[in-house]
Amino acid sequence: MSIKQTDQTYIAATYARQDVALTYGSGAELFDEQGSRLIDLGSGIAVNVFGAGDQAWVQAVSHQAGQLQHTSNYYYTQPQTKLAQALCELSGMRKVFFSNSGAEANECAIKTARKYASDRDAGQEHVIITLENSFHGRTLTTLSATGQSAMHQHFGPFTPGFVHVPANDLGAMKAAFLQHPVCAVMLEMVQGEGGVNPLDQAYVQAVAQLAAQQDALIIVDEVQTGVGRTGTFYAYQRYGIVPDIVTSAKGLGGGLPIGATLFGEKTADVLTHGTHGSTFGGNPVCCAGALSVVSRVDEALLQGVVQRHDMIVSELAGAKGVQGITGLGLMIGIKTEKPAAEVVAQCLQQGLLVLSAKDKVRLLPPLNIPFELLAEGLDILKEVIAS
Ligand SMILES: *Cc1c(COP(=O)(O)O)cnc(C)c1O
């Protein structure tokens, strides 16, 4: 049987896969079973920050795998502590809880917000406000947090205590605060799965102020936007707010599964012995890989992200078939005359991997993609969009 046939026979049909089996990669170039080359502008959904087979990352991961691959959290390990310290120094947050995915990082954020409120006034109902069109994960509670009604089918009853309001609508946010006992607001600075929609800065700052007045926490979901993706280490750093909780995953591990929930001043000591845990969370191999990634997201790399952003926008803005461009840094949404799914499929046939999000074509290239390769990819993309 071919890979495709075996997959379709034995793997649950939750994914509408693109018709290609990938076997090898180097940087932003991936190769299929036949050895054909593909230019990768998706990074495995913002995961492979430095592309495929990045040598520093491979070395960090292989070295740690050879030392000790796992310990559980009964014991101290150095990669975990070093990574936590690096994340706190880069973000200004105080403490970290490690898990294995974005959804888990958000679960931890939600549990922390509920406990923060319950430590203050136990027995009260504690509501978390999220935005319409948001995406926070696939577990039942993070699905409840996710503001997309299409995802709220089949799996009820959902976790109660979530209210969704339209993005960039301060009036709706204020009304929700009046109607509910709010313990937290959870936001993506740029909605990723929702169609690459950045929030307005004035809105984000006003929401943060409103929340602070009510002692409600600001949770920023940086699972997709984090680790340099938008041109700063975390996207909230562009928005001039200080969150109470930040969640990070996807690019953090550079290709191995890891989630991190970062706690600020108010929340650093909310989780106490026995209130949360994870068998694999902070696994030393994942942490060694993450540390290698995080330590190289420096000013030079971030400037490169901005340069590549500008290049993409100047190539595509006004190009035939392009109706609009949204996003920050190397998280870009392109509204096209053609349906996004058609663009994705036709790009694949031309040797280019791009993604979609709602009605947009979505680009999430490796942050260090060589300019020539990016230019080559954009030429293909422009041609497909125009045809
Ligand atoms: C991908 C994503 C998640 C879920 O992450 P998983 O690792 O798939 O659980 C949560 N929030 C945002 C903003 C995401 O983009």
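In this predicted model, helix α12, which covers residues 340–349, and helix α13, which covers residues 371–386, have axes that come within 9 Å and cross at roughly 130°. That angle makes α12 oblique to α13, and the crossing of the two helices is right-handed.

**The contact of α12 with α13**

- On the α12 side, the residues that take part are V343, Q346 and C347, and these meet L381, V384 and I385 in α13.
- Sorted by class, the contact of α12 with α13 has 5 nonpolar residues and 1 polar residue, with no charged residues.

**Helices α7 and α8**

- Helix α7 (residues 170–179) and helix α8 (residues 201–213) have axes that come within 10 Å and cross at roughly 15°.
- Angles under 35 degrees count as roughly parallel, and α7 and α8 are therefore roughly parallel to each other; their crossing is right-handed.
- From α7 the contact draws on L170, M173, K174 and F177, while α8 contributes Y203, A206, V207, L210 and A211.
- These residues of the contact of α7 with α8 divide into 8 nonpolar and 1 charged, with no polar residues.

**Helices α4 and α10**

- The axes of α4 and helix α10, the latter formed by residues 284–294, come within 8 Å and cross at roughly 35°, and the crossing of α4 and α10 is left-handed.
- The contact is made on the α4 side by P79, Q80, K82, L83, A86, L87 and L90, and on the α10 side by P284, C287, A288, A290, L291 and V294.
- By class, the contact of α4 with α10 has 11 nonpolar residues, together with 1 polar and 1 charged residue.

**Surroundings of the ligand**

- The residues that surround the ligand are S101, G102, A103, N106, F135, H136, G137, E188, D221, V223, Q224 and K250.
- Through its backbone, G102 places a polar atom 2.8 Å from an oxygen atom of the ligand, and a polar backbone atom of A103 is likewise 2.8 Å from an oxygen atom of the ligand.
- K250 takes part through its side chain, where a polar atom lies 2.6 Å from an oxygen atom of the ligand.

**Backbone features in loops**

- The peptide bond that runs from G156 to P157 is cis, with omega near 0°, and P157 is found in the loop between α6 (140–145) and β6 (162–165).
- S72 has a phi near 75°, which is a positive value in a residue other than glycine, and the place of S72 is in the loop between α3 (55–67) and α4 (78–91).

Terms used. Residues numbered from 1 in each chain as written. Predicted model: local features only at pLDDT ≥ 70, side-chain atom pairs only at ≥ 80, totals over all residues. Heavy atoms only, no water. Axes fitted to C-alpha atoms, helices over the stretch in contact; angles between N-to-C directions. Helix = DSSP H or I, 4+ residues; strand = E, 2+ residues; numbered from the N terminus. Parallel < 35°, antiparallel > 145°, perpendicular 65-115°, else oblique. Left-handed = near helix turned anticlockwise from the far one by under 90°. Contact = heavy atoms within 4.5 Å. Nonpolar A, V, L, I, M, F, W, Y, C, P; charged D, E, K, R; others polar. Near = heavy atom within 4 Å. Polar contact = N/O pair within 3.5 Å; in protein donor to acceptor, adjacent residues only side chain to side chain.
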